[in-house]
Amino acid sequence: MITSDVIVVGAGLAGLRAALELNRHNVKVAVVTKVHPVRSHSVAAQGGINAALSNHPRGKFDSPELHAFDTIKGSDYLADQKAVLKMTTEGIERIYELEHWGAPFSRTEDGRIAQRPFGGAGFPRTCYATDKTGHVLLHTLYEQALKFEAASERADMQIFDEWFVTRLIVHNGSAKGVIALNINTGELEIFAGRAVIWATGGSGRVFGRTSNAYINTGWGMCVPFYEGVPLKDMEFIQFHPTELYTNNVLITEGARGEGGFLLNNKQERFLANYEDSAKAMEMAPRDIVARNMQREILAGRGVEGKYIHLDLRHLGKKKILERLPGIRMHAIHFAGVDPIDQPIPVAPGQHYTMGGLDVNLNTESKVKGFFAAGECACVSVHGSNRLGGNSLLETVVFGKIAGEYASAYFKDGGGTDVPVIFLNQILKEEEDKIIRLLESKGKENHSAIKHELGDTMDLGAGIFREARTMNASLEKVKELKERYGQIGLNSSGRIANFDLLWAIQLKGSLDLAEVILRGAINRQESRGAQFRTDYPMRDDKNWMKHTVARWKDGTIHLGYSSVDLSLHKAKKRHY
Amino acid sequence: MAETKTFKVFRFKPQTDKKHRFDTFKVPCRPGMTVLQALNYIQENLDGSLAYRSSCREGICGSCAMHINGKYRLACETQVSHLSASITIRPMAHMDIIRDLVVDMTPFFEKLKAIKPYLIPGDPDEGAERIQTQDERAYLDYIVDCILCGACYASCAVNGYDDEYLGPAALAKANRFLMDSRDKADEQRLALVCDEHGVFRCHTLFNCQTVCPKNVDPTANIANLKRQIIARQLNPKFSKKGI
Ligand SMILES: Cc1cc2nc3c(=O)[nH]c(=O)nc-3n(C[C@H](O)[C@H](O)[C@H](O)COP(=O)(O)OP(=O)(O)OC[C@H]3O[C@@H](n4cnc5c(N)ncnc54)[C@H](O)[C@@H]3O)c2cc1C
Ligand code: SF4
Ligand code: FES
């Protein structure tokens, strides 16, 4: 058994920021992560992180209040408004802190942190480091973690990487740690603590066409869900307008922020032809741009009938090399196209999970001692549609808050210790589950189920939704769940058994798929990222509320909760 | 459309196998397919026990460096179509094998830790951002792109015979902080890389420069560290800005 004061699950930006905060409060922390910290998906973030620093000549009059307003409007009024203002206000300090810790941001001519325009924002407020912002920020936080790990001689801050969490330990209604599998030895271990911070990131791999890493399977969100932490607003899935047509690797919104055009097969900037994007054009929010791209493709005006061209050629070689070097390499590697000379083939695809574990603006959940931050959590600051650059901000702002609140909870006593018998019993249950899975000899191939699930979700829960296709997808998901009961593993050993890991995670993907579809089917309106062709209007009277899914005895139950509208009245979104 | 290629993949389970072997798999390769996708195909359809790391599948997380047809590369950024009909894959060298293509990267990360890989600023961190000019930031281009994949470490002949040699990535990282205008720990940093397992152990073989998927150019970074150390020896008043 490994013990610490607080257990952090996940070592992306949210998890590491939480761990650093615990360390600052002299609280012992064990960080458990299934991949080495720098392999976390935060590393892939490209375009930047928002905060009203007012460093851009056109951003002089920016403020946290205006940033909050843009975010709330972008969310189609489903975000909790005080939480948003908290994020935009504290965000400024968090950015300066990252800079102080050594993050190599790109710079303005006068040497300040550079900022670029992003969709749905009134001012250029997205701070960036070329188009590798997530990479530099994650490495910076990892460096700080190493600093503290070294300073404390590794007693107060320990990172356990390549440990895969299979279970959250809840005793008498309070979170007390986790069970994790050491990937490289195959052994299970108890990580016991007085509080748990969850930071397992997004779940894009529930879909087929997604910009997310392979590791974003959704299992991370399900582990606490199975133990009583509700999931909120899971039907709101962001489709990013510009993913490489070939393999869905992301081409940052920064490419449009720097002046890139979207063109159909007639080489027209077609966004001008749609009322909701005619004014803001390429800088309209993601949901609007993605829908209008999809409409072009459906109307037969896609290039080769299938995709849209993102044209950067007019930006010139110098600007592309200076500001967008990473996506240039992506286009070269994965589409065989150099954006300096040719337009990039792009299409919308799954990108971000707006919903997540239900927590309040202090990252607290219904389960005592359980906190969540980052993409796996739903505070909610993104509501039904996230603005680009806001989720990196969310990770560091709420990661810090989670660390702060968990340390206060710990210092206040944080409940008493858990009986060892109870811990051992849970460990035994997990061990049995793993052995059963390892010995399963069914005929179904879990990878095949995974791919079918991806196709099903692309089809039923995509950019345009309607009851008929969603219900068909839900039926299919139920069938896949049955088949999951009949899988057989190809690999029996315990050491570095990735077959086992993928098989465990598929269960989470399947359950999340059901939560997403059922939430989407129930919500008979169009709001933000959810667009229903059978209910094309927003319906504030009936649907200005959060969807809250609960897991009870193996089944999913839906309920609803209210939205904090205390700062701005809901209006129609115009851009 | 699919062309079948032969993959010869290194297999080894230290707990049970006396010796490694190569397993041969036939993989139907679509246009645009990467080596990582080919490995996925093998794991999903032919042999689920094949072990390798992967995460981002876009060359940014550093999980998938391996030896592919004679060169260390990222499996996820390597197009199968650019390789011959027969493709041989081995794990990274100089590190113990956990299973198949998964190696124990602990020594690599321990060496990174040894160079104090974090900003050591002179003044307390308060208020707004520190000013850094575009030129000062430009020096860090490429060096900060290091994804800690280990390809340079595996390719380095010196790492092969000196277990304690810090290796290209850790040394490049030392230079990344030394040359950051905001860092104020020059003497401390140079002292950390100046012993017999530090920069002067490098024979400038350029292997790391050749393999690095991110153009970090560890060779040039090591050269700069040497230059900084020697210049200080020759002239105690030397300042790095003068270079
Ligand atoms: C390609 C791409 C580009 C993006 N660009 C931007 C951008 O420019 N600006 C912006 O604001 N946002 C961007 N986003 C979104 C943003 O990057 C993410 O929302 C954010 O980084 C998530 O961080 P996180 O810390 O919550 O999770 P992650 O960084 O995903 O970390 C999750 C952690 O949890 C661990 N984990 C998960 N499950 C388990 C388990 N069962 N056991 C143990 N450990 C586990 C993982 O190992 C990992 O360490 C982008 C997203 C993508 C996909
Ligand atoms: S320097 Fe290059 S090869 Fe070496 S670890 Fe960094 S990215 Fe990989
Ligand atoms: S899988 Fe991330 S670098 Fe290859």
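B:Ile230 is partly exposed, with a relative accessible area of 42%; here buried means under 20%, exposed over 50%, and partly exposed in between (1.4 Å probe, protein chains only). B:Ile230 sits in helix H9 (residues 218-234) of chain B, where helices are DSSP runs (H or I) of at least four residues and strands (E) of at least two, numbered from the N terminus. Together with B:Phe200 and B:Leu234, B:Ile230 makes a nonpolar surface patch of about 320 Å². Such patches take residues with over 30% relative accessible area and no salt bridge, nonpolar side chains being joined within 5 Å; a salt bridge is a side-chain nitrogen of Lys or Arg within 4 Å of a carboxyl oxygen of Asp or Glu.

The model is predicted, so local features need pLDDT of at least 70 and side-chain atom pairs pLDDT 80 or more, while totals for chains, interfaces and linings use all residues. Residues are numbered from 1 along each chain as written, chains are lettered from A and ligands numbered from 1 in written order, and side-chain values use heavy atoms, without hydrogens and water.

Turning to ligand 1, 38 residues surround it, each with a heavy atom within 4 Å. The closest are A:Ser40, A:Ser42, A:Glu375, A:Ser391 and A:Leu392. This shell divides into 16 nonpolar, 19 polar and 3 charged residues, and its largest share, 4 residues, comes from H10(A).

Oxygen atoms of ligand 1 lie 2.5 Å from a polar side-chain atom of A:Ser42 and 2.7 Å from one of A:Thr33. The protein covers 98% of the 1000 Å² of accessible area that ligand 1 has on its own, by the Shrake-Rupley method with a 1.4 Å probe.

How values were computed. Patches are made of residues with over 30% relative accessible area and no salt bridge: like charges are joined within 9 Å, nonpolar side chains (Val, Leu, Ile, Met, Phe, Trp, Tyr) within 5 Å. A polar contact is a pair of N or O atoms within 3.5 Å; within protein, one must be able to donate a hydrogen and the other to accept it, and residues adjacent in sequence count only if both atoms are side-chain atoms. Ala, Val, Leu, Ile, Met, Phe, Trp, Tyr, Cys and Pro count as nonpolar, Asp, Glu, Lys and Arg as charged, and the others, Gly among them, as polar.
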